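Work through the exercises below with the sequence and the model side by side. Try each task before reading its solution.

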Amino acid sequence: MAEPASYGRPPTDHQVRDGLSTTLTPGLVCAHHHLYSTLARGMPAPPEVPTSFQGILEQIWWRLDTALDLEMIRWSAMLGALEALESGTTGIVDHHESPNAIEESLSVIADACAEVGVRVRTCYGVTDRHGPDGARRGLEENRRFLSEGGEGMVGIHASFTCEQGTLEATAALADELGVGVHVHVAEGPEDREGSERLGGLTRDSWLLAHGVHLVTDHGLRGTILHNPRSNLNNAVGYADPARFSNPVALGTDGIGANMIEAFRLAYVMHRSVDVTATPETAWAWMQNGWNLIPECRNDRVTWSYDPMDPWHVAFTAGIRPLEVEMDGEVVFKDGSPTRVDAAEVRAKAREQAARLHARL
């Protein structure tokens with residue numbers, strides 16, 4: 001297989017299949033996902049209409065995550081992984097929270113993704129939102145999963161939901177285990193000042209999700225995870241990640257794992273603030289996902305379009321994967337996964353979504 005495309009240059013593997021001119025590329029990577037949010041679709045309206053980012057967290061996401069149990073987490077991850085494969089994404093960097101089902105939750109997610117045929121790096125988002133015991137349990141779930149050979153990082157929800165001691169303990173655990181930290185940073189205005197408390201703790205290995213309200217000279221080390229669709233949906237603003245000297249990788253923040261869609265939106269958002277912007281920058285952000293899950297460089301995705309370069313992909317609708325191969329095994333072919341029954345996964349996910357929504 002050819003090496004992954006360099007900045008702005010398409011891969012060189014081309015073929016014709018079923019009358020289509022196709023291109024072969026590495027598997028794509030979603031650099032920031034919340035697989036547990038897959039079951040949120042169609043959830044009941046919140047008791048109050050949120051009018052701020054804090055309100056969105058309290059009225060929607062914090063109600064949802066406290067209602068999760070391990071069976072819901074399993075099928076949410078299964079469906080999220082299935083949808084990733086269906087969009088040519090073979091790697092997911094996941095950030096998880098389920099305060100009433102913490103223990104073993106990361107293993108459930110990892111096992112579900114492996115069953116479908118998707119690589120995942122996951123973590124538990126430690127927070128003081130549920131008191132010291134909740135923070136301790138979250139920290140221990142990270143330790144257990146990583147110490148038992150699980151692949152991922154140590155998670156922090158965000159600085160504005162953590163005491164300083166919790167932030168320091170989480171950073172220390174990551175250093176001890178030789179991994180980075182995955183944390184939400186300045187997503188909304190509520191966390192603008194709180195993110196400054198991460199100064200001195202961050203490392204180049206950290207993943208800093210969002211960064212919408214970070215000032216340019218923030219001094220935080222790590223990769224900025226850009227999630228334009230989520231930021232628009234939550235009305236928190238545009239991160240404009242080109243202003244940072246940090247590396248930037250593209251994520252979805254739980255709204256599926258279609259990285260081609262994410263790339264297109266990232267490009268037009270970038271262009272909305274810089275008329276000289278071209279698709280190459282957002283394309284590079286998408287390709288930076290390979291730095292987070294390098295194994296995806298060796299996965300093979302056959303696309304229904306040729307060439308798969310930024311200028312074509314940005315303006316061509318209907319591009320889809322025809323086949324996905326991971327570790328020499330075809331895990332997706334002719335519109336269907338090969339390891340699992342897509343109809344069964346969707347049916348089970350609907351059942352768990354109904355259970356989840358009944359608790360809200």
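A residue counts as buried when its relative accessible area is under 20%. The model used here is predicted.

**Exercise 1. Determine how many residues of helix α8 are buried, and what covers them.**

Solution. Start with the extent of the helix: α8 runs over residues 279–287. Next, apply the cut-off to each position. Pro-279, Glu-280, Thr-281, Ala-282, Trp-283, Ala-284, Trp-285, Met-286 and Gln-287 are buried. The count is therefore nine of nine residues, and α8 is mostly covered. Last, look for the cover. It includes the strands β3 (28–33), β10 (223–226) and β11 (248–250), together with α7 and α9 (310–313).

**Exercise 2. Describe how α7 and α8 cross, and which residues meet.**

Solution. Step one is the geometry. Helix α7 covers residues 259–273, and its axis comes within 8 Å of the axis of α8. The two axes cross at roughly 140°. Angles over 145 degrees would count as roughly antiparallel, so α7 is oblique to α8. The crossing of α7 past α8 is right-handed.

Step two is the contact. On the α7 side, the residues are Met-259, Ile-260, Phe-263, Ala-266, Tyr-267 and His-270. They meet Pro-279, Thr-281, Ala-282, Trp-283, Trp-285 and Met-286 of α8. Sorted by class, this contact holds 10 nonpolar and two polar residues, and no charged ones.

**Exercise 3. Place Arg-119 in the chain: is this residue buried or exposed, and what does it touch?**

Solution. First find the element: Arg-119 belongs to strand β5, residues 119–121. Then compare its relative accessible area, 14%, with the cut-off of under 20%; Arg-119 is therefore buried. Finally, list its contacts, leaving out residues up to four places away in sequence. Arg-119 touches Thr-90, Gly-91 and Ile-92, then Ile-293, Glu-295, Cys-296 and Asp-299, and also Met-326 and Asp-327.

**Exercise 4. Summarise the protein chain as a whole: what is its radius of gyration, and what would a compact globule have?**

Solution. Begin with the elements: the chain has 10 helices and 15 strands. For 360 residues, a compact globule would have a radius of gyration near 21 Å; the chain has 19 Å, which agrees. Along the principal axes, its C-alpha trace spans about 60 × 45 × 45 Å. Buried residues account for 59% of the 360 residues.

Note on methods: Residues numbered from 1 in each chain as written. Predicted model: local features only at pLDDT ≥ 70, side-chain atom pairs only at ≥ 80, totals over all residues. Heavy atoms only, no water. Axes fitted to C-alpha atoms, helices over the stretch in contact; angles between N-to-C directions. Helix = DSSP H or I, 4+ residues; strand = E, 2+ residues; numbered from the N terminus. Parallel < 35°, antiparallel > 145°, perpendicular 65-115°, else oblique. Left-handed = near helix turned anticlockwise from the far one by under 90°. Contact = heavy atoms within 4.5 Å. Nonpolar A, V, L, I, M, F, W, Y, C, P; charged D, E, K, R; others polar. Buried < 20%, exposed > 50% of the residue type's maximum accessible area, 1.4 Å probe, protein only. Rg over C-alpha atoms; globule rule 2.2 N^0.38 Å.
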